[in-house]
Amino acid sequence: MNQFLIAPSIIAADFTRLADEIAAVQSAGADWLHMDIMDGHFVPTITIGPLFVEACKRASKLPLDVHLMISNPNQYLEDFAKAGADNITVHVETCLDLPQTIQKIKSLGCTAGVTLNPATPVSALDAVLPLVDLVLVMSVQPGFSGQSFMPEMIGKVEEVRNKLNALRSTAHLEVDGGISSETLPLMLNAGANVFVAGNAVFKHPQGAGEGIRVLRQCVAPA
Ligand code: DX5
Ligand code: ZN
């Protein structure tokens, strides 16, 4: 059983060799595929949608960890569930009724995650912490891969970890943005157990498989 889970962020992959890139991370031991859905409205970028998720579902055996950086996510939950999402994570900033959205994600047969922008306090999640299967802490501003890690988010991970422990929650604590062999250990120590990595994996000079291996080896086995 891996001490921590690695979820490569597919938008950093070479889309002209998508199946090869997925095969490389899969055989190197990635645990999930992280799918960054961006609508150009909640965040400035437009990336991928349900059709791309469905293609990745056909090309991979890995669970698909869908991160919705979109306005009105409720409108699209069914499309992503049908496309093959295993987990769907929504931003607290985009949901008018977060408990209802979490409930709807679960009713579609997916695990439910919630995430928050760097500027949003953890208290914004208090109402749903007992309900979620995953909390994603952003360590960059959502919208782009390849940004610099925000060390001030380490304290936020500790705060979420303490709240989840107080609830005896088994929810995953995932971090996303600027994760590398330098920053992963910091966030592991703070209480995260799932690590999204885009550039550290898919832009590794020796290829995506080596990117995974470097992250896996950056922490001595417990
Ligand atoms: C940013 C995305 C992240 C990003 C990660 O909005 O949610 O998943 O693609 O890429 P890196 O690891 O390169 O920061
Ligand atoms: Zn993401």
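Which residue forms a salt bridge with K57, and how far apart are the closest N and O atoms? The partner is D86, and the closest N and O atoms are 2.8 Å apart. This pair links distant parts of the chain. K57 belongs to helix α2 (residues 50–59). D86 sits in the loop between α3 (77–83) and β4 (87–91). The two residues are 29 residues apart. The structure holds 8 salt bridges, this one included. The model is a predicted one.

**The ligand site**

Ligand 1 takes up the space of the largest pocket. The shell around ligand 1 draws two or more residues from each of β2 (33–38), β3 (64–69) and β8 (194–197). Strand β2 gives the most, with 3 residues.

In total, 20 residues surround ligand 1. The closest are D36, G143, D176, G178 and G198. Sorted by class, the shell has 8 nonpolar, 10 polar and 2 charged residues.

| Residue | Part of the residue | Distance to an oxygen atom of ligand 1 |
|---|---|---|
| G178 | backbone N or O atom | 2.8 Å |
| N199 | backbone N or O atom | 2.9 Å |
| H34 | side-chain N or O atom | 3.5 Å |

H34 uses its side chain instead.

How much of ligand 1 does the protein bury? Taken alone, ligand 1 exposes 380 Å². The protein buries 99% of that area.

Definitions and conventions:
Residues are numbered from 1 along each chain as its sequence is written. Chains are lettered from A and ligands numbered from 1 in the order in which they are written. This is a predicted model: local features need pLDDT of at least 70, side-chain atom pairs count only at pLDDT 80 or more; totals for chains, interfaces and linings use all residues. Side-chain values use heavy atoms; hydrogens and water are left out. A residue is near a molecule or strand if one of its heavy atoms lies within 4 Å of it. A polar contact is a pair of N or O atoms within 3.5 Å; within protein, one must be able to donate a hydrogen and the other to accept it, and residues adjacent in sequence count only if both atoms are side-chain atoms. Accessible areas come from the Shrake-Rupley method with a 1.4 Å probe; for residues, only the protein chains shown count as cover. On a 1 Å grid over the protein atoms alone, a cavity is a set of points where a 1.4 Å probe fits but cannot get out, and a pocket is an open set with protein on both sides within 12 Å along at least five of seven lines; lining residues have an atom within 4 Å of a point. A molecule sits in a cavity or pocket if more than half of its atoms lie within 2 Å of its grid points. Helices (H or I, at least four residues) and strands (E, at least two) are DSSP runs, numbered from the N terminus. Ala, Val, Leu, Ile, Met, Phe, Trp, Tyr, Cys and Pro count as nonpolar, Asp, Glu, Lys and Arg as charged, and the others, Gly among them, as polar. A salt bridge is a side-chain nitrogen of Lys or Arg within 4 Å of a carboxyl oxygen of Asp or Glu.
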